[in-house]
Amino acid sequence: MKSIYLDNAATTAVCQEASEAALRAMTSVYGNPSSTHKLGREAKVLLDASRESVASALGCRIEELVFTSGGTESDNWAIRGAAHANRHVGKHIISSMAEHDAVRKTLDQLEKDGWEITRLKPDKSGAIPVDDVAAALRSDTALVTLMMVNNETGGVTDIAAIARAIKVAKSRALLHTDAVQAFLKIPFSAKTLGADLISISGHKIHAPKGIGALYIKSGLRIPSLLYGGEQENSRRPGTESLPLIAAFGAAAALGKIGMEKHTQHMSELKKKVSALLCEEMPQIQLIDSGAPHILSISLPGYKSEVMMNYLEAKEIYVSKSSACKKGKRSHVLEAMGIPDRQIDGTLRIGLSRYTTYEEICVFVQALSQASKDLFPSLR
(Lines give C-alpha, C1' and ligand atoms only; values in the text may rest on other atoms or scores of the structure.)
Protein backbone atom coordinates (compact mmCIF):
# COMPACT_ATOMS: atom_id res chain seq x y z
CA MET A 1 0.00 0.00 0.00
CA LYS A 2 1.21 3.51 -0.75
CA SER A 3 2.23 5.86 2.04
CA ILE A 4 -0.54 7.19 4.25
CA TYR A 5 -0.39 10.93 4.92
CA LEU A 6 -2.36 12.08 7.97
CA ASP A 7 -0.62 15.38 8.68
CA ASN A 8 -2.85 17.65 6.62
CA ALA A 9 -3.07 20.28 9.36
CA ALA A 10 0.64 20.89 8.75
CA THR A 11 0.38 21.03 4.97
CA THR A 12 -1.58 19.43 2.15
CA ALA A 13 -0.60 17.78 -1.10
CA VAL A 14 -0.87 20.17 -4.04
CA CYS A 15 -3.89 19.27 -6.16
CA GLN A 16 -3.50 18.69 -9.88
CA GLU A 17 -5.49 21.80 -10.78
CA ALA A 18 -3.19 24.01 -8.70
CA SER A 19 0.01 22.47 -10.08
CA GLU A 20 -1.24 22.87 -13.64
CA ALA A 21 -2.13 26.52 -12.98
CA ALA A 22 1.35 27.17 -11.58
CA LEU A 23 3.04 25.46 -14.53
CA ARG A 24 1.03 27.50 -17.01
CA ALA A 25 1.99 30.72 -15.22
CA MET A 26 5.67 29.73 -15.28
CA THR A 27 5.81 28.59 -18.90
CA SER A 28 3.13 30.52 -20.81
CA VAL A 29 1.91 33.52 -18.82
CA TYR A 30 5.31 34.48 -17.46
CA GLY A 31 5.25 38.25 -17.93
CA ASN A 32 5.49 40.73 -15.09
CA PRO A 33 1.92 41.82 -14.18
CA SER A 34 3.17 45.41 -13.85
CA SER A 35 4.58 45.50 -17.39
CA THR A 36 2.43 47.30 -19.96
CA HIS A 37 3.29 45.14 -22.99
CA LYS A 38 1.25 42.13 -24.16
CA LEU A 39 2.90 39.53 -21.92
CA GLY A 40 2.53 41.85 -18.94
CA ARG A 41 -1.13 42.46 -19.71
CA GLU A 42 -1.77 38.72 -20.00
CA ALA A 43 -0.11 38.20 -16.63
CA LYS A 44 -2.25 40.96 -15.11
CA VAL A 45 -5.40 39.26 -16.39
CA LEU A 46 -4.31 36.02 -14.71
CA LEU A 47 -3.44 37.87 -11.50
CA ASP A 48 -6.86 39.53 -11.41
CA ALA A 49 -8.69 36.29 -12.14
CA SER A 50 -6.79 34.47 -9.40
CA ARG A 51 -7.53 37.24 -6.91
CA GLU A 52 -11.20 37.03 -7.83
CA SER A 53 -11.20 33.27 -7.20
CA VAL A 54 -9.67 33.57 -3.74
CA ALA A 55 -11.84 36.57 -2.84
CA SER A 56 -14.95 34.68 -3.94
CA ALA A 57 -14.00 31.70 -1.78
CA LEU A 58 -13.38 34.01 1.19
CA GLY A 59 -16.53 36.03 0.56
CA CYS A 60 -14.98 39.45 0.16
CA ARG A 61 -14.41 42.09 -2.50
CA ILE A 62 -11.30 41.78 -4.63
CA GLU A 63 -9.94 45.12 -3.42
CA GLU A 64 -10.07 43.81 0.17
CA LEU A 65 -7.67 40.93 -0.56
CA VAL A 66 -3.89 41.30 -0.54
CA PHE A 67 -1.61 38.40 -1.46
CA THR A 68 1.18 37.57 0.99
CA SER A 69 3.79 34.84 1.40
CA GLY A 70 1.55 32.86 3.76
CA GLY A 71 -0.21 32.79 7.10
CA THR A 72 2.77 33.94 9.14
CA GLU A 73 3.23 37.12 7.14
CA SER A 74 -0.50 37.77 7.15
CA ASP A 75 -0.66 37.38 10.94
CA ASN A 76 2.37 39.59 11.54
CA TRP A 77 1.10 42.29 9.22
CA ALA A 78 -2.44 42.21 10.58
CA ILE A 79 -1.40 42.43 14.23
CA ARG A 80 1.34 45.01 13.88
CA GLY A 81 -0.67 47.02 11.37
CA ALA A 82 -3.84 47.02 13.44
CA ALA A 83 -1.95 47.94 16.60
CA HIS A 84 -0.40 50.91 14.81
CA ALA A 85 -3.63 51.98 13.15
CA ASN A 86 -5.62 51.83 16.39
CA ARG A 87 -2.95 53.02 18.81
CA HIS A 88 -4.99 56.14 19.58
CA VAL A 89 -7.53 53.87 21.33
CA GLY A 90 -4.96 52.42 23.72
CA LYS A 91 -2.22 49.83 24.04
CA HIS A 92 -4.20 46.81 25.19
CA ILE A 93 -4.59 43.65 23.09
CA ILE A 94 -6.70 40.55 23.77
CA SER A 95 -5.51 37.19 22.48
CA SER A 96 -5.20 33.68 23.88
CA MET A 97 -2.68 31.23 25.27
CA ALA A 98 -3.44 28.83 22.40
CA GLU A 99 -2.48 30.88 19.35
CA HIS A 100 -0.09 29.89 16.58
CA ASP A 101 3.49 31.09 17.08
CA ALA A 102 3.03 33.60 14.25
CA VAL A 103 0.60 35.39 16.57
CA ARG A 104 2.22 34.57 19.90
CA LYS A 105 5.67 35.81 18.99
CA THR A 106 4.37 38.94 17.30
CA LEU A 107 2.50 39.75 20.50
CA ASP A 108 5.61 39.01 22.56
CA GLN A 109 7.47 41.64 20.56
CA LEU A 110 4.66 44.19 20.97
CA GLU A 111 4.71 43.48 24.70
CA LYS A 112 8.40 44.40 24.75
CA ASP A 113 7.43 47.62 23.00
CA GLY A 114 5.06 48.57 25.80
CA TRP A 115 1.78 46.93 24.81
CA GLU A 116 -0.29 45.07 27.42
CA ILE A 117 -1.46 41.63 26.27
CA THR A 118 -4.33 39.70 27.87
CA ARG A 119 -3.94 36.03 26.97
CA LEU A 120 -7.14 34.09 27.57
CA LYS A 121 -7.23 30.42 28.55
CA PRO A 122 -8.73 27.98 26.03
CA ASP A 123 -11.61 25.66 26.89
CA LYS A 124 -11.40 21.86 26.79
CA SER A 125 -11.52 21.85 22.97
CA GLY A 126 -8.89 24.55 22.50
CA ALA A 127 -11.45 27.24 21.62
CA ILE A 128 -11.81 30.59 23.38
CA PRO A 129 -15.16 31.29 25.12
CA VAL A 130 -16.96 34.37 23.83
CA ASP A 131 -17.92 35.49 27.34
CA ASP A 132 -14.24 35.52 28.35
CA VAL A 133 -13.44 37.84 25.46
CA ALA A 134 -16.32 40.15 26.34
CA ALA A 135 -15.22 40.28 29.97
CA ALA A 136 -11.64 41.15 28.97
CA LEU A 137 -12.62 44.13 26.81
CA ARG A 138 -11.49 47.51 28.18
CA SER A 139 -11.82 51.08 27.03
CA ASP A 140 -8.18 50.98 25.88
CA THR A 141 -8.44 47.65 23.98
CA ALA A 142 -7.12 48.36 20.50
CA LEU A 143 -7.14 44.83 19.07
CA VAL A 144 -8.60 41.37 19.58
CA THR A 145 -6.70 38.62 17.74
CA LEU A 146 -7.90 35.02 17.97
CA MET A 147 -7.62 32.04 15.63
CA MET A 148 -10.85 30.59 14.30
CA VAL A 149 -9.78 26.94 14.33
CA ASN A 150 -7.03 25.79 16.64
CA ASN A 151 -4.31 24.16 14.58
CA GLU A 152 -3.53 21.48 17.19
CA THR A 153 -6.92 20.48 18.58
CA GLY A 154 -9.45 21.63 15.99
CA GLY A 155 -11.32 23.71 18.57
CA VAL A 156 -13.55 26.29 16.86
CA THR A 157 -13.78 29.80 18.30
CA ASP A 158 -16.97 31.68 17.43
CA ILE A 159 -15.45 34.73 15.77
CA ALA A 160 -18.81 36.05 14.57
CA ALA A 161 -20.13 36.05 18.14
CA ILE A 162 -16.97 37.79 19.34
CA ALA A 163 -17.47 40.46 16.66
CA ARG A 164 -21.00 40.98 17.97
CA ALA A 165 -19.75 41.16 21.55
CA ILE A 166 -17.25 43.86 20.58
CA LYS A 167 -20.06 45.79 18.92
CA VAL A 168 -22.44 45.40 21.87
CA ALA A 169 -19.72 46.68 24.21
CA LYS A 170 -19.28 49.68 21.89
CA SER A 171 -15.60 48.87 21.85
CA ARG A 172 -13.35 50.51 19.29
CA ALA A 173 -11.14 47.42 19.16
CA LEU A 174 -10.27 45.96 15.77
CA LEU A 175 -10.79 42.22 15.30
CA HIS A 176 -8.29 39.93 13.56
CA THR A 177 -8.64 36.20 13.10
CA ASP A 178 -6.09 33.67 11.93
CA ALA A 179 -8.37 31.59 9.70
CA VAL A 180 -5.60 29.47 8.18
CA GLN A 181 -7.14 26.21 9.47
CA ALA A 182 -10.71 27.40 8.93
CA PHE A 183 -10.60 28.57 5.30
CA LEU A 184 -12.70 26.18 3.18
CA LYS A 185 -13.08 23.86 6.18
CA ILE A 186 -15.53 25.87 8.32
CA PRO A 187 -18.39 27.80 6.62
CA PHE A 188 -17.85 31.55 6.96
CA SER A 189 -17.82 34.66 4.82
CA ALA A 190 -15.66 37.71 5.36
CA LYS A 191 -18.65 39.82 4.41
CA THR A 192 -20.73 38.63 7.37
CA LEU A 193 -18.12 37.41 9.87
CA GLY A 194 -17.48 40.83 11.38
CA ALA A 195 -13.69 40.60 11.48
CA ASP A 196 -11.61 43.54 10.25
CA LEU A 197 -8.64 41.38 9.26
CA ILE A 198 -8.49 37.70 8.23
CA SER A 199 -5.36 35.64 7.55
CA ILE A 200 -5.46 32.65 5.17
CA SER A 201 -2.85 30.39 3.59
CA GLY A 202 -2.63 28.39 0.36
CA HIS A 203 -0.83 25.26 1.47
CA LYS A 204 -3.64 24.24 3.82
CA ILE A 205 -6.09 23.98 0.87
CA HIS A 206 -3.96 22.01 -1.63
CA ALA A 207 -2.09 24.99 -3.10
CA PRO A 208 1.73 25.29 -2.85
CA LYS A 209 3.61 26.66 0.12
CA GLY A 210 4.71 30.28 0.02
CA ILE A 211 1.39 31.93 -0.82
CA GLY A 212 -1.34 33.35 1.40
CA ALA A 213 -3.54 36.38 1.70
CA LEU A 214 -4.77 38.98 4.13
CA TYR A 215 -8.31 40.31 4.08
CA ILE A 216 -8.39 43.99 5.04
CA LYS A 217 -11.89 45.36 5.53
CA SER A 218 -12.78 48.26 3.27
CA GLY A 219 -11.98 51.58 4.88
CA LEU A 220 -9.32 50.19 7.22
CA ARG A 221 -5.86 51.50 6.53
CA ILE A 222 -2.93 49.69 8.04
CA PRO A 223 0.73 50.44 7.32
CA SER A 224 2.71 48.11 5.07
CA LEU A 225 5.44 45.88 6.47
CA LEU A 226 7.59 46.47 3.40
CA TYR A 227 8.58 49.44 1.26
CA GLY A 228 9.03 49.44 -2.49
CA GLY A 229 6.81 49.43 -5.56
CA GLU A 230 3.08 49.93 -6.00
CA GLN A 231 2.02 46.31 -6.30
CA GLU A 232 -1.11 45.09 -4.50
CA ASN A 233 -2.61 48.59 -4.62
CA SER A 234 0.53 49.97 -2.94
CA ARG A 235 -0.07 47.82 0.15
CA ARG A 236 2.53 45.09 -0.41
CA PRO A 237 5.44 45.98 -2.69
CA GLY A 238 7.36 43.45 -4.73
CA THR A 239 6.66 41.61 -7.98
CA GLU A 240 3.79 39.20 -7.40
CA SER A 241 4.62 35.48 -7.45
CA LEU A 242 2.16 34.74 -10.23
CA PRO A 243 2.70 30.94 -10.38
CA LEU A 244 1.87 30.61 -6.67
CA ILE A 245 -1.02 33.06 -6.91
CA ALA A 246 -2.47 31.22 -9.92
CA ALA A 247 -2.21 27.93 -8.04
CA PHE A 248 -3.87 29.52 -4.98
CA GLY A 249 -6.69 30.77 -7.17
CA ALA A 250 -7.22 27.34 -8.75
CA ALA A 251 -7.20 25.57 -5.38
CA ALA A 252 -9.59 28.12 -3.86
CA ALA A 253 -12.02 27.81 -6.76
CA LEU A 254 -11.99 24.03 -6.51
CA GLY A 255 -12.29 24.15 -2.73
CA LYS A 256 -15.27 26.48 -2.85
CA ILE A 257 -17.15 24.29 -5.33
CA GLY A 258 -16.59 21.11 -3.35
CA MET A 259 -16.51 22.49 0.19
CA GLU A 260 -19.75 20.94 1.42
CA LYS A 261 -18.86 17.53 0.04
CA HIS A 262 -15.25 17.72 1.24
CA THR A 263 -16.10 18.80 4.80
CA GLN A 264 -18.79 16.13 5.07
CA HIS A 265 -16.27 13.53 3.93
CA MET A 266 -13.69 14.65 6.51
CA SER A 267 -16.29 14.87 9.28
CA GLU A 268 -17.46 11.33 8.62
CA LEU A 269 -13.88 10.04 8.56
CA LYS A 270 -13.14 11.83 11.82
CA LYS A 271 -16.10 10.10 13.48
CA LYS A 272 -15.06 6.74 12.08
CA VAL A 273 -11.43 6.99 13.10
CA SER A 274 -12.49 8.14 16.57
CA ALA A 275 -14.78 5.13 16.95
CA LEU A 276 -12.18 2.70 15.63
CA LEU A 277 -9.49 4.05 17.95
CA CYS A 278 -11.71 3.82 21.03
CA GLU A 279 -12.75 0.29 20.10
CA GLU A 280 -9.20 -0.89 19.47
CA MET A 281 -7.54 1.00 22.35
CA PRO A 282 -9.97 1.75 25.20
CA GLN A 283 -7.26 3.67 27.07
CA ILE A 284 -7.04 6.31 24.34
CA GLN A 285 -8.18 9.88 25.07
CA LEU A 286 -9.65 12.16 22.40
CA ILE A 287 -10.15 15.93 22.35
CA ASP A 288 -13.65 16.65 21.09
CA SER A 289 -13.55 19.58 18.66
CA GLY A 290 -15.66 21.12 15.91
CA ALA A 291 -13.22 21.21 13.00
CA PRO A 292 -13.84 18.40 10.49
CA HIS A 293 -10.19 17.74 9.67
CA ILE A 294 -8.24 17.79 12.96
CA LEU A 295 -8.30 15.12 15.66
CA SER A 296 -6.02 15.22 18.70
CA ILE A 297 -5.57 11.87 20.43
CA SER A 298 -3.47 10.72 23.35
CA LEU A 299 -2.24 7.48 24.85
CA PRO A 300 -1.16 8.61 28.34
CA GLY A 301 2.16 7.10 29.38
CA TYR A 302 3.23 6.43 25.81
CA LYS A 303 5.73 8.62 23.94
CA SER A 304 4.62 10.52 20.84
CA GLU A 305 8.04 10.47 19.18
CA VAL A 306 8.43 6.73 19.59
CA MET A 307 4.99 6.05 18.13
CA MET A 308 5.61 8.48 15.26
CA ASN A 309 8.88 6.75 14.39
CA TYR A 310 7.16 3.36 14.45
CA LEU A 311 4.42 4.63 12.14
CA GLU A 312 6.90 6.36 9.85
CA ALA A 313 8.70 3.06 9.34
CA LYS A 314 5.40 1.83 7.92
CA GLU A 315 5.09 5.01 5.81
CA ILE A 316 2.26 6.40 7.92
CA TYR A 317 2.72 10.08 8.72
CA VAL A 318 1.16 11.96 11.66
CA SER A 319 2.45 14.68 14.00
CA LYS A 320 2.45 15.46 17.70
CA SER A 321 1.63 19.18 17.51
CA SER A 322 2.09 22.15 15.21
CA ALA A 323 4.89 21.64 12.67
CA CYS A 324 6.27 25.04 13.71
CA LYS A 325 7.01 23.66 17.19
CA LYS A 326 9.68 21.36 15.69
CA GLY A 327 9.08 18.64 18.26
CA LYS A 328 8.72 20.86 21.32
CA ARG A 329 5.92 20.27 23.82
CA SER A 330 2.58 21.78 22.83
CA HIS A 331 1.87 25.13 24.50
CA VAL A 332 -1.77 24.71 23.46
CA LEU A 333 -2.26 21.51 25.44
CA GLU A 334 -0.37 23.01 28.38
CA ALA A 335 -2.67 26.05 28.31
CA MET A 336 -5.68 23.70 28.36
CA GLY A 337 -4.37 22.21 31.61
CA ILE A 338 -3.79 18.75 30.18
CA PRO A 339 -1.41 16.64 32.33
CA ASP A 340 2.15 16.20 31.08
CA ARG A 341 1.70 12.44 30.84
CA GLN A 342 -1.17 12.92 28.41
CA ILE A 343 0.60 15.64 26.42
CA ASP A 344 3.66 13.46 25.96
CA GLY A 345 1.49 10.75 24.41
CA THR A 346 -0.40 13.04 22.03
CA LEU A 347 -0.67 12.61 18.27
CA ARG A 348 -2.45 14.92 15.83
CA ILE A 349 -4.34 13.42 12.91
CA GLY A 350 -4.95 15.76 9.99
CA LEU A 351 -7.47 14.66 7.36
CA SER A 352 -8.07 15.94 3.84
CA ARG A 353 -10.57 15.35 1.07
CA TYR A 354 -8.16 12.76 -0.34
CA THR A 355 -7.97 10.69 2.86
CA THR A 356 -9.74 7.31 2.57
CA TYR A 357 -11.46 5.00 5.01
CA GLU A 358 -9.00 2.26 4.09
CA GLU A 359 -6.12 4.51 5.11
CA ILE A 360 -7.52 5.29 8.54
CA CYS A 361 -8.18 1.58 9.11
CA VAL A 362 -4.53 0.81 8.36
CA PHE A 363 -3.46 3.65 10.65
CA VAL A 364 -5.59 2.41 13.56
CA GLN A 365 -4.24 -1.12 13.24
CA ALA A 366 -0.67 0.16 13.02
CA LEU A 367 -1.08 2.38 16.08
CA SER A 368 -2.61 -0.50 18.02
CA GLN A 369 0.30 -2.72 17.04
CA ALA A 370 2.74 0.02 18.05
CA SER A 371 1.21 0.16 21.52
CA LYS A 372 1.63 -3.61 21.85
CA ASP A 373 5.17 -3.75 20.50
CA LEU A 374 6.60 -0.65 22.14
CA PHE A 375 4.70 -0.31 25.40
CA PRO A 376 3.47 -3.81 26.38
CA SER A 377 3.41 -2.96 30.09
CA LEU A 378 0.81 -0.24 29.50
CA ARG A 379 -1.69 -2.45 27.71
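The dialogue below takes up the features of this predicted model one at a time.

Q: What holds the strands of a sheet together, and in which senses may they run?

A: Strands of a sheet pair through backbone hydrogen bonds, and the pairing is either parallel or antiparallel.

Q: What is the order of the strands in the open sheet of seven strands?

A: The order reads β2-β8-β7-β6-β5-β3-β4, and the pairing is mixed. At the edges stand β2 (65–68) and β4 (116–120), each of which pairs on one side only. From one strand to the next, the twist averages 20°.

Q: In which sense do β3 and β5 pair?

A: Strand β3 (residues 92–96) and strand β5 (residues 141–145) are paired in the parallel sense, over three bridges. To locate this pairing in the view, one may look for I94, whose bridge partner in β5 is V144.

Q: Which strands does helix α4 lie across?

A: Helix α4, formed by residues 101–112, lies across β3, β4, β5 and β6 (174–178). Its direction is at about 145° to that of β4.

Q: How is the open sheet of three strands arranged?

A: Here the order is β9-β10-β12, with antiparallel pairing. The edge strands, β9 (285–287) and β12 (346–350), each pair on one side only. Neighbouring strands of this sheet are turned against each other by 25° on average, direction ignored. Between β9 and strand β10 (residues 294–298) there are three bridges in the antiparallel sense, and Q285 stands opposite S298 in β10.

Q: Which helix lies across β9, β10 and β12?

A: That helix is α9, which runs at about 10° to β10.

Q: Where in α9 is the kink centred?

A: The kink in α9 is centred on G258 and amounts to about 70°.

Q: How many cavities of 30 Å³ or more does the structure hold?

A: There are four such cavities.

Q: Which residues line the largest cavity?

A: The lining is made up of T12, L184, K185, K204, I205, H206, G255, M259, H262, M266, S352 and R353.

Key: Residues are numbered from 1 along each chain as its sequence is written. This is a predicted model: local features need pLDDT of at least 70, side-chain atom pairs count only at pLDDT 80 or more; totals for chains, interfaces and linings use all residues. Side-chain values use heavy atoms; hydrogens and water are left out. The bend at a residue is the angle between axes fitted to the seven residues ending there and the seven starting there. Helices (H or I, at least four residues) and strands (E, at least two) are DSSP runs, numbered from the N terminus. Two strands pair if DSSP finds at least two bridges between them. Axes are lines fitted to C-alpha atoms, for helices over the stretch in contact, and angles run from 0 to 180 degrees between N-to-C directions. Contact means heavy atoms within 4.5 Å. On a 1 Å grid over the protein atoms alone, a cavity is a set of points where a 1.4 Å probe fits but cannot get out, and a pocket is an open set with protein on both sides within 12 Å along at least five of seven lines; lining residues have an atom within 4 Å of a point. Grid points are joined across faces, edges and corners, and a volume is the space filled by probe spheres set on the points.
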